[in-house]
Amino acid sequence: MSLATATSIDDLRLMAKRRVPKAFFEYCDHGSYAEETLNANRADLKALRLRQRVMVDVSNRSTETTILGETVAYPFALAPTGLTGMQHADGEILAARAAEKAGIPFCLSTMSICSIEDVAAGTTKPFWFQLYVMKDRGFAKSLVERAIAAKCSALVLTVDLQVQGQRHRDIKNGMTVPPRVTLANVVDIATKPDWALKVLRGKRKTFGNLDGFVKGMSGVKSLGAWIAGQFDPALNWDDVAWIRSIWPGKLIIKGVLDVGDAKLAAGTGADAIVVSNHGGRQLDGAPSAISTLPRIVEAVGGGTEIIFDSGVRSGQDVLRALALGAKSCLIGRAFLYGLGAGGEAGVAKAIDIIGKELSVSMALTGRRSIAEIDGTVIDRG
């Protein structure tokens with residue numbers, strides 16, 4: 001199979017699985033503990049039936065809309081994902097370029113391989129930056145300042161990773177902090193020479209936003225040890241006011257799954273809330289993101305933009321989320337599969353697949369614009 005013959009995100013996933021070393025592929029592909037929430041994200045989206053409509057003139061339909069006031073080609077953005085550059089060398093830069101060309105936002109993770117400055121130098125339009133507020137508040141402030149200097153257009157504050165959920169696959173694969181080198185990993189990488197050669201030639205091999213900026217830290221092991229102790233269980237809503245005081249742009253709060261938390265997030269004055277369970281990578285046994293979306297929309301959707309995340313693999317999934325009240329979606333694993341399958345071209349393919357699926361699904365449900373998508377798209381019968 002090639003990118004030219006791939007017709008679905010599942011096709012891209014299979015290609016990525018063959019090309020990316022197991023440890024990094026499974027880091028992207030799997031979730032925490034028994035993966036109940038990871039599986040629920042997909043199952044509950046699939047369970048939503050779409051209402052087919054006929055004899056509606058859909059010859060002039062458009063997927064164009066706005067996200068945080070910015071006109072976009074599709075109602076979705078590329079989500080912040082850690083270690084993106086380990087799916088493909090310079091992965092963050094390549095994904096950002098693909099998003100820019102497609103006319104959608106890209107969000108860079110704090111835990112990226114390529115740095116804020118790398119991505120800014122490799123693109124021509126502003127991108128979003130995702131922030132983890134660590135115990136070292138001075139470092140967190142420096143990240144915000146660097147995002148401002150790079151002219152990032154939105155700050156995505158992730159609030160559901162104060163304590164990290166255990167991911168069994170990562171531990172077995174040596175994807176601990178710091179990473180554990182295993183014979184199996186070395187052998188597996190040796191069977192992926194194209195991936196290895198590209199990574200060796202890439203801009204960076206470690207966390208670009210941390211390397212050289214954390215005092216006394218250099219290399220994966222020392223940075224990894226620092227990171228392990230930096231996620232802050234004391235993080236609370238009062239910290240949002242501090243973030244607001246140093247960040248002048250749009251603020252998105254990501255990781256909200258509870259109506260009470262959604263109200264608190266909206267009360268901070270956030271421009272948008274991302275309804276998300278971290279893609280099933282944190283609290284296992286938590287409800288699927290799609291099952292909580294309608295309640296959160298009802299509670300705060302009138303005054304705060306709602307973005308949906310966790311489980312989106314198709315244009316039909318985007319349509320389902322929009323029908324339940326989301327303004328837009330974040331695409332995570334789906335674009336990572338494309339990246340692993342074929343670099344920038346693979347990300348472009350993933351965006352194109354989901355965009356075309358959305359357009360066709362709109363037509364077959366009798367919708368000509370994103371504004372026309374509402375709850376009647378779902379078959380309640």
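## Salt bridges and cores in a predicted model

Asp-352 is partly exposed, because its relative accessible area is 29%. That value comes from a predicted model. Its salt-bridge partner is Lys-356, and the closest N and O atoms of the pair are 3.2 Å apart. Lys-356 has a relative accessible area of 51%, so Lys-356 counts as exposed.

**Salt bridges**

How many salt bridges does a search of the whole structure find? The search finds 16. Three of these pairs are described here, including the one between Asp-352 and Lys-356.

| Pair | Closest N to O |
|---|---|
| Glu-344 and Lys-101 | 2.7 Å |
| Asp-352 and Lys-356 | 3.2 Å |

Take Glu-344 and Lys-101, which form a salt bridge. Glu-344 sits in helix H15, while Lys-101 sits in helix H4 (residues 91-102), so their bridge ties together parts that are 243 residues apart in sequence. Is Lys-101 buried or exposed? Lys-101 counts as exposed, because its relative accessibility is 68%.

Now turn to Arg-320 and Asp-317. Both belong to helix H14 (residues 315-323). They are 3 residues apart, about one turn of the helix. Arg-320 has a relative accessible area of 10%, so Arg-320 is buried. Asp-317 is buried too, with a relative accessible area of 1%. The cut-off behind both calls is a relative accessible area under 20%. This pair also has a further partner: a network of salt bridges links Arg-42, Asp-317 and Arg-320.

**Nonpolar cores**

In soluble globular proteins, nonpolar side chains tend to be buried together. In this model, the largest nonpolar core has 110 residues. Which residues have the most contacts inside this core? They are Leu-12, Leu-78, Leu-293 and Phe-308. Helix H15 (residues 333-364) gives the most to the core, with 13 residues.

Another core, of 14 residues, lies apart from the largest one. Among its members are Leu-68, Ala-77, Val-156 and Leu-330.

Look at Leu-293 in the largest core. Neighbours within four places in sequence are left aside here. Leu-293 is then in contact with Val-275, Ile-306, Phe-308, Ala-321, Leu-324 and Ala-326.

**Val-156**

Val-156 belongs to strand E6 (residues 154-158). Why does Val-156 count as buried? Val-156 counts as buried because its relative accessibility is 2%. Residues up to four places away in sequence are again not counted. Val-156 then touches Cys-107, Trp-128, Phe-129, Gln-130, Leu-131, Ile-252 and Lys-254. How does Val-156 lie relative to Arg-320? Their C-alpha atoms are separated by 23 Å, and the two residues are 164 residues apart along the chain.

**Thr-365**

Where is Thr-365 found? Thr-365 is in the segment after H15. Thr-365 has a relative accessible area of 3%, so Thr-365 is buried. The side chain of Thr-365 reaches the backbone oxygen of Met-362, at 3.1 Å. Leaving aside neighbours within four places in sequence, Thr-365 is in contact with Leu-50, Arg-51, Arg-53, Leu-319 and Val-377.

Definitions and conventions. Residues are numbered from 1 along each chain as its sequence is written. This is a predicted model: local features need pLDDT of at least 70, side-chain atom pairs count only at pLDDT 80 or more; totals for chains, interfaces and linings use all residues. Side-chain values use heavy atoms; hydrogens and water are left out. Helices (H or I, at least four residues) and strands (E, at least two) are DSSP runs, numbered from the N terminus. Buried means under 20% relative accessible area, exposed over 50%, partly exposed in between (1.4 Å probe, protein chains only). Contact means heavy atoms within 4.5 Å. A nonpolar core is a set of buried Ala, Val, Leu, Ile, Met, Phe, Trp, Tyr and Cys residues joined through side-chain atoms within 4.5 Å. A salt bridge is a side-chain nitrogen of Lys or Arg within 4 Å of a carboxyl oxygen of Asp or Glu. A polar contact is a pair of N or O atoms within 3.5 Å; within protein, one must be able to donate a hydrogen and the other to accept it, and residues adjacent in sequence count only if both atoms are side-chain atoms.
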